[in-house]
Amino acid sequence: MVGRRTALGALGLVLGLLAAGTISASAADPLVSGGKAVTASSIEGLGFEAAKAVDGSTSTRWASVEGHDPEWLRVDLGSTHTISRVKLNWEVAYAKTYRVQTSSDGSTWTDVYSTSAGDGGVDDLTVSGSGRYVRVYGTARGTTYGYSLWEFEVYGVGGGTNPPTTTTTTPPPVPGRRPAEVQARPPVGQQPRPAGR
Ligand SMILES: [Ca+2]
């Protein structure tokens with residue numbers, strides 16, 4: 001019985017490790033950031049442009065100016081996407097404290113991930129969010145250098161919905177039809193007659 005309990009314990013440990021592994025497991029969604037328009041708050045110099053973080057090559061990288069916080073890199077997916085995974089492949093110059101954020105307009109941002117214990121390497125993050133823009137926003141560097149990413153990958157699917165605040169649209173007026181607020185007024189005959197008539 002003791003041996004069997006030990007075996008069950010080992011099985012439980014294995015299952016636990018597998019479950020823990022799913023935290024960083026890749027979603028089935030495709031890569032949607034490759035080659036997309038990308039901008040950054042700064043670059044260290046020629047050869048370290050923002051586009052180097054979405055060119056699919058792990059031998060080219062974006063690097064921000066050294067010794068300065070905060071710095072960011074932003075990718076424009078071209079249209080609203082539902083985002084399920086973000087993968088950051090840090091160069092030696094990693095972020096210790098950073099957020100991954102999404103936005104529908106490039107100015108108002110929503111955190112989908114944040115950490116103050118970044119240790120570099122590859123951060124393969126399962127996230128839940130939507131937006132047209134996705135950025136990494138670093139506020140504390142792990143080294144005296146800047147922030148540098150070999151690759152910044154966003155996975156998801158197009159067609160996600162914008163937050164309600166950005167989906168409000170005013171329909172164009174229909175010719176020959178009054179706006180609703182005018183229609184809501186009493187009929188003309190019941191309105192007071194304009195003075196002077
Ligand atoms: Ca690259």
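I looked up confidence first: the mean pLDDT, which is the predictor's confidence in each residue from 0 to 100, is 83 for the protein, and 67% of its residues reach 70 or more. Over residues 14-26 the pLDDT falls below 50, and beyond near neighbours in sequence I find six contacts for this stretch in the model, a contact being two residues whose C-beta atoms, placed from the backbone, lie within 7 Å. Where pLDDT is low, the predicted coordinates should not be read in detail.

I note that this is a predicted model, in which local features need pLDDT of at least 70 and side-chain atom pairs count only at pLDDT 80 or more, while totals for chains, interfaces and linings use all residues. Residues are numbered from 1 along each chain as its sequence is written.

I then listed the three helices and seven strands, taken as DSSP runs numbered from the N terminus (helices H or I, at least four residues; strands E, at least two). Along the sequence they follow the pattern α-β-β-β-β-β-β-β-α-α.

Next I turned to β1 (residues 37-40), where Val38 and Ala40 form the covered face and Ala37 and Thr39 the uncovered one. In a regular strand the side chains alternate between the two faces of the sheet. I find β1 antiparallel to β3, joined to it by four bridges (strands pair if DSSP finds at least two bridges between them), and Ala37 stands opposite Asp76 in β3.

Last, I checked the loop between β2 (62-63) and β3 (71-90), which holds Pro70; a cis peptide bond joins Asp69 and Pro70, with omega about -10°. Most peptide bonds are trans.

How values were computed. A residue is buried if 20 or more other C-beta atoms lie within 10 Å of its own, exposed if 12 or fewer, and partly exposed in between; C-beta atoms are placed from the backbone.
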